[in-house]
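Colleague: I'm new to this one, and I'd like to hear where each label comes from. Please walk me through it.

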Amino acid sequence: LESPAQCVAREVREELGIDVHVRSLLAVNWLPPWRGWADATVFVFDLGVAEEDLLARSTLQPREIRAIHFAAEEEWEPHVAPYNQRLLAFLSAHAGPTAYLEDGLPAL
């Protein structure tokens with residue numbers, strides 16, 4: 001068994017080939033069923049500021065990730081699922097304590 005923080009560090013290492021330091025929990029986001037997937041709970045952690053050579057150091061697992069790149073909010077639509085667009089928009093404006101969200105929106 002592994003904790004959510006251990007899981008994100010392992011997944012980033014496996015899928016991008018880089019090690020990250022998990023800092024704090026930014027949000028918990030419950031997602032309703034979507035496109036054949038059951039509902040899910042997403043834990044969003046602060047992994048710090050990306051270093052300039054992050055993309056160059058990354059080794060992608062082709063079965064999991066085709067490409068990585070940075071995108072401004074106006075560029076998200078073709079690259080980011082709607083539920084993650086809502087989550088990212090919330091997080092970019094939120095500076096408070098850990099947030100509880102439902103489908104990317106404040107629930108309480």
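Modeller: Let's begin with the names: helices (H or I, at least four residues) and strands (E, at least two) are DSSP runs, numbered from the N terminus. By that numbering, Val 22 is found in the loop between α1 (4–16) and β1. The model is predicted, so local features need pLDDT of at least 70 and side-chain atom pairs count only at pLDDT 80 or more, while totals for chains, interfaces and linings use all residues. Residues are numbered from 1 along each chain as its sequence is written, and side-chain values use heavy atoms, leaving out hydrogens and water.

Colleague: Is Val 22 buried or exposed, and how do you know?

Modeller: Buried means under 20% relative accessible area, exposed means over 50%, and partly exposed is in between (1.4 Å probe, protein chains only). Val 22 has a relative accessible area of 19%, so it counts as buried.

Colleague: Which residues does Val 22 touch?

Modeller: A contact means heavy atoms within 4.5 Å. Leaving aside residues up to four places away in sequence, Val 22 touches Ala 5, Val 8, Ala 9, Phe 45, Asp 46 and Leu 47.

Colleague: What makes a set of residues a nonpolar core?

Modeller: The members are buried Ala, Val, Leu, Ile, Met, Phe, Trp, Tyr and Cys residues, joined through side-chain atoms within 4.5 Å. The largest core here has seven: Ala 27, Val 44, Leu 87, Phe 90, Leu 91, Ala 99 and Leu 101. Both α3 (82–93) and β3 (99–102) supply at least two residues of this core, and α3 gives the most, with three. Apart from it lies another core, of five residues, among them Leu 16, Ile 18, Leu 54 and Ile 65.

Colleague: How do you know which strands pair?

Modeller: Two strands pair if DSSP finds at least two bridges between them. β1 (residues 25–31) and β2 (residues 40–45) have six bridges and are antiparallel, so they pass. Four bridges join β1 to β3, which run parallel. Then β3 and β4 (residues 105–106) have two bridges, in the antiparallel sense, and that meets the cut-off as well.

Colleague: Where does Ala 27 come into this pairing?

Modeller: On one side, Ala 27 stands opposite Val 44 in β2. In β3, its bridge partner is Ala 99.

Colleague: Why are β2 and β4 called edge strands?

Modeller: The four strands form an open sheet in the order β2-β1-β3-β4, with mixed pairing. β2 and β4 each have a single partner strand, so one side of each has no neighbour in the sheet.

Colleague: What is the phi of Asp 103?

Modeller: Phi is near 55°, a positive value in a residue other than glycine. Asp 103 sits in the hairpin of β3 and β4, which has two residues between the strands.

Colleague: What makes the pairing of Asp 103 with Arg 86 a salt bridge?

Modeller: The term needs a side-chain nitrogen of Lys or Arg within 4 Å of a carboxyl oxygen of Asp or Glu. In this pair the closest N and O atoms are 2.7 Å apart, so the label holds. The pair links distant parts of the chain: Asp 103 is in the loop between β3 and β4, and Arg 86, 17 residues apart, is in helix α3. At 24% relative accessibility, Asp 103 is partly exposed, as is Arg 86 at 29%.

Colleague: How many salt bridges does a search of the whole structure find?

Modeller: Seven. Arg 57 takes part in a salt bridge with Glu 51 (3.3 Å, N to O) and in another with Asp 53 (3.1 Å, N to O). With a relative accessible area of 35%, Arg 57 is partly exposed. Elsewhere, Glu 2, Arg 10, Glu 11 and Glu 14 are linked in a network of salt bridges.
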